[in-house]
Amino acid sequence: MTVNATGGRRRPPTIHDVAREAGVSRGTVSRVLNGGHYVSPAAQEAVNAAIRRTGYVVNRHARSLITGRSDSIGFLLTEPQERFFEDPNFNVLLRGCTQALAAHDIPLLLMLAGTEDERRRITRYITAGHVDGVLLVSSHSGDPVAEQLREAGVPLVACGKPIGLASKVSYVAADDRDGARDMVRHLLSLGRRRVGTVTGPLDTPGGVERLAGYQEVLAEAGLEFDERLVVSGDYSRASGEAGAERLLARAPDVDAVFVASDLMAQGVLTALHRAGRRVPQDVAVGGFDDSPAAVAAGPELTTIRQPWDRISSEMVRVLLAQIGGEDPAAVILPTELVKREST
């Protein structure tokens with residue numbers, strides 16, 4: 001802070017104060033703030049030290065007028081608002097992306113667009129240039145947002161392999177299919193043979209890939225696929241509970257359930273308990289995500305761990321590279337089986 005001429009209230013430090021403190025020109029400071037091009041290492045270090053000493057904060061509005069960028073990123077969740085607060089995965093991912101961007105001094109804007117009208121408004125806002133790129137979470141097949149942003153030239157990275165756009169849009173995903181295979185193999189290794197599943201939404205990449213992994217392992221084990229053992233959910237706890245009730249009605253001899261998310265698995269446990277089924281003695285239950293819901297469940301869930309920290313940091317890395325001019329990229333990360341009390 002700098003004291004004004006009358007000794008009164010201090011004013012915020014300016015780029016001129018930084019230049020004077022560093023012993024360089026204002027133009028050198030400006031070049032450091034805009035990427036450090038054509039600046040010697042010594043001058044760059046002097047400017048950075050001066051910024052720390054003076055407490056200078058970049059005027060983002062002024063810089064955006066020069067660079068044509070907003071210096072902010074959008075975190076776009078195309079789900080109803082209540083889903084954001086219910087599903088712990090979204091909060092974990094949001095926190096990880098915020099932290100990864102903080103290292104670059106870039107703020108993250110949370111955008112919720114669960115209805116068609118909200119998606120239209122948010123798309124207009126984004127394509128008007130209010131953010132430099134978008135981290136897209138929970139995209140459904142047929143949702144036009146990803147395609148509209150891509151056509152508008154907005155840098156975009158999806159969380160999960162976007163159905164129908166995988167060759168056109170950057171994405172970072174856990175290996176959903178391989179994780180599902182690991183879980184079903186584990187359930188079969190316990191001697192279970194009537195393994196049901198509560199799938200995720202089948203218009204999402206996770207829903208499709210996890211169901212495919214389940215089917216592949218049954219075929220690998222020589223077990224006939226039984227449609228009565230498959231019910232669908234929407235990743236909510238209520239849909240897991242309703243799905244387990246349908247599963248028990250259609251296949252009362254079920255002895256294991258692979259559930260496509262931990263939150264849905266909590267609902268499955270509730271339904272099994274109400275039906276008098278013991279977990280894991282009567283029915284083994286496996287989830288997916290290794291979210292806080294897994295350890296909040298009773299019993300604690302055996303699950304598939306998604307590497308959320310790596311997913312969020314890779315999403316940010318790929319997006320910033322794309323904003324910098326690189327081509328779209330795809331990253332698939334391995335999952336891990338975590339054994340707990342429910343199997």
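**Close-up views of a predicted model**

**View 1. The largest nonpolar core of this predicted model comprises 40 residues.** Tyr214, Phe258, Val259 and Val285 have the most contacts inside this core. At least two core residues come from each of helix 9 (176-189), strand 8 (195-199), helix 10 (205-220), strand 9 (230-232), helix 11 (237-250), strand 10 (256-259), helix 12 (262-274) and strand 11 (284-286). Helix 12 gives the most, with six residues.

**View 2. Tyr214 and its contacts beyond neighbours within four places in sequence.** Among the residues that Tyr214 touches are Ala180, Val184, Val195, Phe225 and Phe258. A second, separate core of 28 residues includes Phe84, Leu135, Val318 and Leu333.

**View 3. An open sheet of six strands in the order 4-3-5-6-7-13.** The pairing is parallel, and strand 4 (108-112) and strand 13 (330-333) form the edges, each pairing on one side only. On average, neighbouring strands are turned by 15 degrees against each other, direction ignored.

**View 4. Strand 3 (residues 73-77) and strand 5 (residues 134-137) pair over four bridges.** Leu76 has Leu136 in strand 5 as its bridge partner. Helix 6 (residues 88-102) packs on the sheet and touches strand 3, strand 4, strand 5 and strand 6 (156-159). The direction of helix 6 makes about 170 degrees with that of strand 3.

**View 5. Helix 1 (residues 15-22) packs with helix 2 (residues 26-33) at an angle of about 105 degrees.** Helix 1 is therefore roughly perpendicular to helix 2. Ile15, His16, Val18 and Ala19 in helix 1 meet Arg26, Val29, Ser30 and Leu33 in helix 2; the contact residues divide into five nonpolar, two polar and one charged.

Conventions: Residues numbered from 1 in each chain as written. Predicted model: local features only at pLDDT ≥ 70, side-chain atom pairs only at ≥ 80, totals over all residues. Heavy atoms only, no water. Axes fitted to C-alpha atoms, helices over the stretch in contact; angles between N-to-C directions. Parallel < 35°, antiparallel > 145°, perpendicular 65-115°, else oblique. Contact = heavy atoms within 4.5 Å. Nonpolar A, V, L, I, M, F, W, Y, C, P; charged D, E, K, R; others polar. Core = buried A, V, L, I, M, F, W, Y, C linked by side-chain atoms within 4.5 Å. Buried < 20%, exposed > 50% of the residue type's maximum accessible area, 1.4 Å probe, protein only. Pairing = 2+ DSSP bridges.
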